[in-house]
Amino acid sequence: MDVSLAHFLQQVLSNPALTVTTLLTLGVIFVNGWTDAPNAIATCVTTRCMRVRSAVIMAAIFNFLGVFIMTQLNASVASTISNMVDFGGDTNAALIALCAALFSIVVYSVGASLLGIPTSESHSLIAGLSGAAIAIQGGIGGINMGEWVKVLYGLVASLLFGFAVGWLVCKAVTLICAGMDRRRTNGFFTYAQIVGAAAMSFMHGAQDGQKFIGVLFLGMAFCNGQPSVTGVMIPIWLMILCSTIMGVGTSVGGERIIKSVGQDMVKLEKYQGFSADLSSALCLLVMTVLGIPVSTTHTKTSAIMGVGAVRRFSAINFGVVRDMMLTWVFTFPGCGLISFVMAKLFMVVF
């Protein structure tokens, strides 16, 4: 399988389905960097450790590094996304179905936004791929349950693991610093939280960047007549392309999201912000190494709730938990159904 950049560009120019798939994938990566990556620096900004613009630039740089470096070291999340569905042996039809899956993500995201339904790009991607695979295979045989079960692990882990690690890290920090001078510890945690936010940005890129690299790589395989990407190495130029697009998306900003995550859910002090950033970065690192795709937003918000629970449970805005649950309830069947219909329609039209 030829995965060179020159060959890819030639295919993009000659195959409309791959062109649309590429544009949609890069568009979703850009939007993810724009709307999702600011979660990584929300606590750092709202505790006044960094100015918004400086934090956004830092997040853009570390998102780029996260996608690029982690994909080279451990591409298991990209592998999970690529192998969780089976589009069958007809690679031309498979490419059309993949295109429909990505188109359905856009349709669902816009519709959910208009209706006020919380969404997750990660869950929309998984649901879209699954719906298209079921459509082209005519049943659940299009789902590789051995890989898809990792998604279920991720749903539980993003909530429970994030909350538990957030609580443990913050509790440990509280006990260690109990007898220390508050002014000195604030000075330390100002810089420590910047490091934590950088780590969180890095892991956001490592998780979310890999998901979309896996999709675009799958589209390349279909265009080359390969039904899967098993045993094929992800080319470095693809890592650079996706990480650059995500970094550019992050640089656009996202101040409203920063306020929503960092202030509206639970009021944080510097040591708490550090605890939330460190614990969520650790959780994402573990999930990435294990090849389990998770929502970075849900992991971060769960960690923040765990940190808030150290002080008192009443400090948590449980409306956020409700939104997370609604995301799961609506996204998987909703986006999956749209993708199923779109795939059937695209295969008839094209």
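**Exercise 1.** What volume does the second largest pocket have, and which residues line this pocket closest to its centre?

*Solution.* The model is predicted, so local features need pLDDT of at least 70 and side-chain atom pairs count only at pLDDT 80 or more, while totals for chains, interfaces and linings use all residues. Residues are numbered from 1 along each chain as its sequence is written, and side-chain values use heavy atoms, with hydrogens and water left out.

Step 1. A pocket is an open set of points on a 1 Å grid over the protein atoms alone, where a 1.4 Å probe fits, with protein on both sides within 12 Å along at least five of seven lines. The second largest pocket has a volume of about 210 Å³.

Step 2. Lining residues have an atom within 4 Å of a point. There are 15 of them here, and Ala75, Ser79, Phe217, Val232 and Ile234 are the closest to the centre.

Step 3. Helix α5 gives the most to this lining, namely four residues.

**Exercise 2.** Is tryptophan 148 buried or exposed, and which residues is it in contact with beyond its neighbours within four places in sequence?

*Solution.* Step 1. Tryptophan 148 is located in helix α8 (residues 145-176).

Step 2. Buried means under 20% relative accessible area and exposed over 50%, with a 1.4 Å probe and protein chains only. Tryptophan 148 counts as buried because its relative accessibility is 14%.

Step 3. With contact taken as heavy atoms within 4.5 Å, the partners of tryptophan 148 are Met84, Ile126, Ser130, Ile143 and Phe332, its neighbours within four places in sequence being left aside.

Notes. Grid points are joined across faces, edges and corners, and a volume is the space filled by probe spheres set on the points. Helices (H or I, at least four residues) and strands (E, at least two) are DSSP runs, numbered from the N terminus.
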